[in-house]
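Have a look at the sequence and the structure first, then follow along.

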Amino acid sequence: MNPSTAFAWLTNGAALPWAEVPEGSVADFLSATRAALDRGGRLASLFGVPEGEGVRLVVVLALDADNALAVGRSQPVQGPFPSLTPTHPQAHLFERELWEQHGLVPAGHPWLKPVRQDHGAGPAVGDFFRVDGPELHEVAVGPVHAGIIEPGHFRFQCAGEEVLHLEIALGYQHRGIEEGLVGGPHRASVCQVETVAGDTTIAHATAYAHLIEALAGSEAPLQAQWLRALALELERLANHTGDLGALANDVAFLPTSAACGKLRGEFLNLTALLCGNRFGRRLVRPGGCGFGAEPERLAQLRERLESALAEVEQATAWLWDAASVRARFEHTGRVSPQQAAEIGLVGPAARACGLVRDVRFDHPTGWHRLAQVPVAVWPEGDVFARARVRWLEIQRSGEFLMQQLGAAPDGDMHIALPPSAPDTLAVALVEGWRGEVCHVALTDAQGRFRRYKLTDPSFHNWTGLALALRGQAISDFPLCNKSFNLSYCGFDL
Amino acid sequence: MTLTLTSLADLLARLALWAIVAPLLPGLINRVKAWVAGRRGPPVLQLYYDLGKLWRKGVVVSTLASPGFFIGPVVTWVALLGAAALVPLGPLGATLSFRGDVILLVYLLALARFATAWAAWETGSAFEGMGAAREVSYAVLAEAAIITAVLTLSVHSGSLSLAALLAPTPGAGAALLAAGWFIVLLAENCRVPFDDPNTHLELTMIHEAMVLDHSGPLLAVVLHGAALKLMLFAMLLVQAVVPLGDLSASVAGAVLWVGVLGVAVGVGLVESLLARYAFRRVPLLLTTAFLFCWFALMLAWKGGVA
C-alpha cells in the first residue's frame, strides 16, 4: 500500500466523511504507519473503533513539517496484530490501551500490561519491572502522597541513591470519560470534557468546540476565536508561573516560591474576570464563547495583566540569579533529543529538548491562523531547560496577550450550530500549557458520537519522566516530577 | 576529675530554662523566613502550640515497630538535655563541669543520633531506612568538623573542660571557627542548604524522613529534642566566638542571649536566600566546614593568639 494513499490528509480542526478515510489491511496499515513515522511523523493518536465482530485501528499522525494531519484506518481485526512498539516506542502506551480497551494483542510488545486498570484489581496490582542484585532496593511511592496532589504509584529500582529504573502506574482516577461521551453530544458533554484535566479546561474545551464546529461544517465567530486564544494563554501563564514557583519550592528557594504562588492566583483571577471561574469553566462553548468581553473589563484585564507580568519578571529574576538554584536545575533529569523524538514528547517538555514542536505553530487553527506566538525552545533537556522554556513562554504569552487585547475583532460571540454530520470523523489539536491536546470524534448515522478519543499531553509525557530519572539521584525525583508537572486525571480519563 | 554539682535545684532550674526557651528558636527562624518572603507567617510561639497539641494526641504505631520505636525518641531527648546540662550559660557557668566533659558532650550528641536512626529502622519503611542511611553518612563528615573545632578550642585554652574551653580571643581563628561551626549547625539541625525542614517530599528528606512514622507525644518529644539541639549548637557557637569572659556578668548574659537569637535570624536568612543543595554536593560543603575548623586549629597551634 502506497503511503500517499494510505492516509487522508486534513488540516487541524477539519472533518472528513468516515467512508473517505483510506482503509487497508492491518499489515498495510501498519507498514504505512511505520513509514510515515520514519519520515518524521508523530503519533497524535492511535485507537480502536469496534465494528461488527472486530475492531478497526485508526491512526492520527501529526506531520509537523508539512503542517498537516494524516488519518488512516485498518480493516476490522480480531486477533493479534504486529506491534509497532519495538521499532517505534511512541506507540507503546497506545498499544497497551488497545489491548486494554478492545482485547487486541499487539504481538511483540515488550511490556504489555494494562494502562489504567488491572482487571478491576487496581492499577498498582501487577508486575513491575524488577532489577535484582545485591545492594539493590526497591522504593514504592504512592498512590497516596504527602502533598495534596493526585494519586499515582511510582516504583523505583535503586542502587543506593541512584535510580536505575522507574515505573509509573496510573489509573486511580479513571472515570470513563471517553465511554461517557459516546452517544453525545448532549448538554453534559462539554462539561465532561472540561473536567478531563481541571488545569487544562480551556484547551480541552477548545478542542471539543473545534470538533463540534467541524462536524457541523461551521466555525465560531471571529471574536469568540479571539477570546478563546486569550483564555488559552492566560491558562498557560497561570500554570507556568505556578510551576516555576513549585520548582523553586522543591529546592527550598523561598523568594520565588512565595511570589509565584501568589501570582498564579492573579492569573487565575484574570480568567475569572472573563467568565467568573478561575479555571475557565463555561467560557468556551461549541459555536463560540459563553461570555462576552466588554471594553471596560478588557481594560481592567490589561491593567492587571501588565502589573502581574512585571511581578513575575521580578520573581523569576531571583530564581535565575541564584547560583544555588542553577546548580540544582542544571544537568538534572536530562532527556536527550533522540529519546524525546522516539517517545513522542510534546509541549514544553519536548521544546526543552530542542524539538520545535508546538501545535499553535505547526497546525494553527482558530485565532492562531491570524496571530502567531513564537515557539520557545531550549536545548539541554534538563530541569533547567524545562524551567527556562516555561519562562520564555510566559514572556511570549504575555506579549501576545498585550498585543491581542488591543485587536479585538467585532461581531458575534456565539452562533447556533447546525446538527453534526453523520458518519464523519473530525480531529482537533490544541496546544494546551502542557502540550498537545488531541480530540478525535467519529459520528454514527444519526450524527451522535460513536467513538470519542481523547489524548492528553500527559499520555505522551509520563514516559519522559521515567526516562529522565534513569541514573539520577532518587532525591531529585520530586524536582524532575515538578519540571514535567503532568496530569494524573488527564491520563486516567 | 572534679565534679561540681552546685545544687540539685540549680540544675533543675537550668534544665527547665533550656526546655522552655528552646522552642522559641524555630519560631523565630520561621518568622524571619516569612518576613523575607513577604508573608505574615506563623506566630513565634507556634512550636509551643504544636507541642501542646501533639501531647494530647494519640499515637499510631506500625505493626512492624519494636520497643525501639518508642525508646528511640526518648533516649534522643534525654541525651540532648544531658548535653545541654554540660553547656555553660555564659556568666552563669555550667552546672556540671569536669575535665573531659566536652568528650561526653560529643558522645551524647552521637547517642542522640544513634537512637533516632534506631527508631527509624524499627518502622520497616523504605523512606525511613533511606533517611537514616543519609543521616549517618553525613554525620561522619559533620563529626569530623565538630571534633576539629573542639580540638581547636582545647589547644587554644589548654583545657578539656567546656567552662575553660569557651574563652576565645577575637581574631582570624575565631572567625574561621565561627564559619565552620555555623555550617555544622546547619547540617546537624537539618536546615537549608542540607535539608529542607518544610518539605513534604519523603524522597528528599534526611532528618524528617526518619521521624515520618512518629506521631502524638512521641513526635512532640522529637520536635522538642530538635529545638534543644538547635539551641545547644547556637549557644556553643556564640560562646566559642564571642569573648564573654571580658564583659561584666549582666552584659555578658545579654550578649549571649542576643547572640543565640541572632544565630536563629542568621539561619532564617540563609534559608530565605539559598536553595537547597543536591545530595552529591553536601559532602563538599561539610568538608569546607571541616577545613574552616582545621585552619582555626592550625592558627591555634601556631600562635595561641591568632
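**Entry 1: the core**

I began with the largest nonpolar core, which has 258 residues; those with the most contacts inside it are A:Leu61, B:Leu177, B:Met231, B:Leu232, B:Ala234 and B:Leu237. For my notes, such a core is a set of buried Ala, Val, Leu, Ile, Met, Phe, Trp, Tyr and Cys residues joined through C-beta atoms within 7 Å. I call a residue buried if 20 or more other C-beta atoms lie within 10 Å of its own, exposed if 12 or fewer, and partly exposed in between, with C-beta atoms placed from the backbone. Helix α10 (residues 216-241) of chain B provides the largest share of this core, 20 residues. Domain 1 (3-107) and domain 2 (197-434) of chain A both contribute residues, so the core lies between them.

I then looked up B:Leu177. Leaving out residues up to four places away in sequence, B:Leu177 touches B:Ala149, B:Thr152, B:Ala240, B:Val241, B:Cys293 and B:Ala296. Contact here means that the C-beta atoms of two residues, placed from the backbone, lie within 7 Å.

**Entry 2: ground rules**

I am working with a predicted model, in which local features need pLDDT of at least 70, side-chain atom pairs count only at pLDDT 80 or more, and totals for chains, interfaces and linings use all residues. Residues are numbered from 1 along each chain as its sequence is written, while chains are lettered from A and ligands numbered from 1 in the order in which they are written.

**Entry 3: the two domains of chain A**

Chain A is divided into domain 1 (3-107) and domain 2 (197-434), with bounds that come from an automatic or database domain assignment. I find their C-alpha centres 29 Å apart. Across the boundary, 21 residues of domain 1 of chain A are in contact with 18 residues of domain 2 of chain A. On the domain 1 side, β2 (14-17), β4 (42-51), β5 (54-63) and β6 (68-74) of chain A each supply at least two residues. My helices (H or I, at least four residues) and strands (E, at least two) are DSSP runs, numbered from the N terminus. β2(A) makes the largest contribution to that side, four residues. By class I noted 15 nonpolar, four polar and two charged residues there. The classes take Ala, Val, Leu, Ile, Met, Phe, Trp, Tyr, Cys and Pro as nonpolar, Asp, Glu, Lys and Arg as charged, and the others, Gly among them, as polar.

**Entry 4: the sheet with β2(A)**

In which order do the strands of the open four-stranded sheet run? I read β2-β14-β15-β16 (chain A), with antiparallel pairing; strands pair if DSSP finds at least two bridges between them. β2 and β16 (449-455) of chain A stand at the edges with a single partner strand each, so one side of each has no neighbour in the sheet. The twist averages 15° from one strand to the next.

β2(A) and β14 (residues 424-432) of chain A are joined by four bridges, and A:Pro17 has A:Thr424 as its bridge partner in β14(A). Helix α6 (residues 201-215) of chain A lies across β2, β14 and β15 (435-443) of chain A, at about 150° to β14(A). Axes are lines fitted to C-alpha atoms, for helices over the stretch in contact, and angles run from 0 to 180 degrees between N-to-C directions. Helix α15 (residues 457-468) of chain A lies across β14, β15 and β16 of chain A, at about 135° to β15(A).

**Entry 5: β6(A) and its partners**

Is β6(A) mostly covered or mostly open? I find it mostly covered, with six of its seven residues buried. β1 (residues 8-10) of chain A pairs with β6(A) in the antiparallel sense over three bridges, and A:Leu10 stands opposite A:Leu69. β5(A) and β6(A) run antiparallel, joined by six bridges. In their hairpin, which has four residues between the strands, A:Asn67 takes a positive phi near 50°.

**Entry 6: α16(A)**

Last, I checked α16(A): eight of its eight residues are buried, so the rest of the structure largely encloses this helix. Its cover includes α7 (222-250), α10, α12 (347-351), α14 (383-405) and α15 of chain A. Just after α16(A), A:Asn485 takes a positive phi of about 40°.
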